[in-house]
There are 2 protein chains.
Amino acid sequence: MAQDKGVTPRSEDYSQWYRDVIARGDLVDDAPVRGCKVLKPHGYAIWEAIQRGLDERFKATGHVNAYFPLLIPMSFLSREAEHVEGFAKECALVTHHRLRSKEGGGVEPDPASKLEEPLVIRPTSETMIWHMYGRWIDSWRDLPILVNQWANVMRWEMKTRPFLRTSEFLWQEGHTAHATREEAEEETLKMLDVYASFAEEVLAIPVVKGRKSARERFAGAVETYTIEALMQDGWALQSGTSHFLGQNFAKAFDVTFQNVDGEREHVWATSWGVSTRLVGALVMTHSDDEGLVLPPAVAPIQVVIVPVYKAKDRDEVMAAVDGLHATLKPHVRVRVDDRDNLRVGAKFFEWEQKGVPLRLEVGPRDVAKGQAFAKRRTGGDKFAIAFDDALATVQQVLDEMQGDMLQRALDHRESHTFTAESREDFVKGLEERPGFYRVAWGGDDADEDRVKEETKATIRCFPQEQDSVEGLTCPLTGKPAREWALFARAY
Amino acid sequence: MAQDKGVTPRSEDYSQWYRDVIARGDLVDDAPVRGCKVLKPHGYAIWEAIQRGLDERFKATGHVNAYFPLLIPMSFLSREAEHVEGFAKECALVTHHRLRSKEGGGVEPDPASKLEEPLVIRPTSETMIWHMYGRWIDSWRDLPILVNQWANVMRWEMKTRPFLRTSEFLWQEGHTAHATREEAEEETLKMLDVYASFAEEVLAIPVVKGRKSARERFAGAVETYTIEALMQDGWALQSGTSHFLGQNFAKAFDVTFQNVDGEREHVWATSWGVSTRLVGALVMTHSDDEGLVLPPAVAPIQVVIVPVYKAKDRDEVMAAVDGLHATLKPHVRVRVDDRDNLRVGAKFFEWEQKGVPLRLEVGPRDVAKGQAFAKRRTGGDKFAIAFDDALATVQQVLDEMQGDMLQRALDHRESHTFTAESREDFVKGLEERPGFYRVAWGGDDADEDRVKEETKATIRCFPQEQDSVEGLTCPLTGKPAREWALFARAY
């Protein structure tokens, strides 16, 4: 029966595997609204761990949180010319503010409650926030403003995939205001570094930092920077972005400040965000054909203790289990699974599918020996952990697992990063060995569009770490190379 | 000049005082959407402290967090008959999902994107959550479900007041599902206790726990319990509610479970919530004519250190300030105000208006004596704190302030709680000495409506702690008294 609830192997159907891992891991459920998902407790707990970790890092870099309204006047969206092109196409619109009873039962919008100007559910908050900054900024003394918001946003999507693309999602959006271009550019890159180090240190997801091409830039940004991760199937996932907005929004919302010399200047801006998409990145980076695998640093439950006994041994075993639990609890996210309406095998199966990094089994023979039997979610033989030394050993094992998972993901990326020597090599490679393709790029926007149309691959970024392209010819366009670009097919 | 930015005295105009305290405290700003406010960083930080404290208490009582969609199909609202009456009148309705460019510039809703069924922005999530629980609950083994959600909700309001009544607000809503009536009733009262102890221990707001009258009950609940606080003007503020929903929503959404005897039964439910309204309660309980006053347990900044020096003494003073800061920082939320573009008096004024509980001044003479000068936000003389003993002393002072603030609020409530001896006494009392009025109540719903119409006072609750009413006659109706009720005018 347990087998019936298994996961489709990755090799068979990657997309179905992804959905199975999420379903068996009990992370989300379908909502009765198109394109929306419910984040179930185990899925939300992963997001909470991400929030905690990022929020600490934001505050350590001088940021504070605030909250801006969900609804934005429709006219705000068209204030910044490029912004409206990017976001107007997929907005939920509020047009009425009251229901009335309908003849024959039920309710309907009350026509008398029609709004003079429709309101948009925020797809992102630059317009609302720059309207407010216009009220808050007058002098160089008011700068910088370093604000972040944790919020829900909405972008109407027809084709959805849990965590990766849903109509409503949870995210954070940082919006900062600066007196100089240099300071705003520095902030943009600082937050990119915060994202990158968080991804690697906590999520065990190695990322490439780089600049987006004009085609992939945020609507309204001067430059967009990104962290790009490579999934197990060789497709890329954009995992966080940081935008240098120049003075575009300050000009659109007429936000100026008086500088130290008494002159008025437009304010410089950045914005940066990551979302519940990171949970999707976690799933696709670490999970296996048994189900979810979570790095210890972000696992809601790091250790599960499963007592294994016959009735006569119960008291003795549970005393040992309670002792072990008490030892670990102050320092480790640990749970005892003492449900007595479930067989031990079913418990093992459930916690494996939920991605708990370490399982400790305690039976009467283990108690006699003063030890528990440990099993890593990432594989390997079972091994004994002495009760006397349990905390130090468990912490060491979790640390090792965290490091091993990052290394494994790094190895995977290295072995799936290729340099395109020729157009044929690139086209064939994308089909046969999907991955990151380094291209000494010399094309323009139109070339980029053609490559996308023909190969489904896009420029994920121009990596920050660049080798020289001197004397190289772009293998995709035949033009002189200007810069190394990283291409991939992407989610 | 500082005087110009002061706060209207409470005695002069209580309502304007409230708005001034919030404005000078830099807690909120008006948003460009009717009835909505921006929570500025200092205001949001108070909400974050409330969230942290409550979330810990929810988890300690076995609850987990989850996230459900913002948008609810319109038809869901009319599934529970009373619920729709309570919430349909004030809903934001999403009817379209795309904008298009308008001739002559700007954008407009694309008529082709009209939704088949309008969606409601959640005013509360019982309907969405009970729809989902219908998918998750099948057997007694699936119960209880103890879920909480932190979210934004929207109830269209025409007359708004910051924190107390706004169209969009932030809150938490717990939604639990149980196998038995007893267990659900127990949960309802347990969460009322969690709210009450949090209000008293962290917010220093004494509350009366009690049951709502039928008139004031949550739409769809069998019983609503409340914590009621008394503001400085003698008006009551409902500060949190916990609802026993019976089987109403389980029946409306057909959610049944198989009990241990193999029979199908409808599930029992509770829901409970508090919101950013608690920040309003904080303001109106503790603040004074100088501005915001915050209890240390919930103050985003507990201690501010202000160096006071002439240029020649700078290094010496800042060395001492940095040392003091380093000593306090691991245990106290402390900030050094070393801005050099602001006079010392303006700094004192700003931190007072922002409600920071304790100010420490350090000048060259203090450094020579190895001490700082301390000033409590709640008044009293300045006093010296020796650097050697700073942490212990500061913690002791903050603890004392926390206790004193609760005691002061308790004293205020005691001195503003009256027993109505006669109808005349009650009516006159409400005008002359607003407060809680204990009434040996014997009326029915119609009597309650009449009292409200004539006096603007409502039954805030039937307090949990009840004296006997044996032999008493209701002073407002002349009927035999059934139960003590607490009346007040309320926000």
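**Figure 1. Surroundings of Asp337(B) in the predicted model.** Asp337(B) counts as partly exposed because it has 18 C-beta neighbours inside 10 Å (buried means 20 or more other C-beta atoms within 10 Å, exposed 12 or fewer, and partly exposed in between, with C-beta atoms placed from the backbone). This is a predicted model, in which local features need pLDDT of at least 70 and side-chain atom pairs count only at pLDDT 80 or more, while totals for chains, interfaces and linings use all residues. Residues are numbered from 1 along each chain as its sequence is written, and chains are lettered from A and ligands numbered from 1 in the order in which they are written. Asp337(B) lies in the loop of chain B between strand E18 (334–336) and helix H10 (344–353); helices (H or I, at least four residues) and strands (E, at least two) are DSSP runs, numbered from the N terminus. Beyond its neighbours within four places in sequence, Asp337(B) is in contact (C-beta atoms, placed from the backbone, within 7 Å) with Val304(B), Val306(B) and Lys347(B).

Figure 2. Six strands form an open sheet with antiparallel pairing, in the order E4(A)-E8(A)-E5(A)-E5(B)-E8(B)-E4(B), where two strands pair if DSSP finds at least two bridges between them. Strand E4 (71–73) of chain A and strand E4 (71–73) of chain B stand at the edges, each with a single partner strand, so one side of each is left without a neighbour in the sheet.

**Figure 3. Leu93(A) in strand E5(A).** Three bridges join strand E5 (residues 93–96) of chain A to the antiparallel strand E5 (residues 93–96) of chain B, and the bridge partner of Leu93(A) in E5(B) is His96(B). In E8(A), Leu93(A) stands opposite Val120(A).

Methods:
Two residues are in contact if their C-beta atoms, placed from the backbone, lie within 7 Å.
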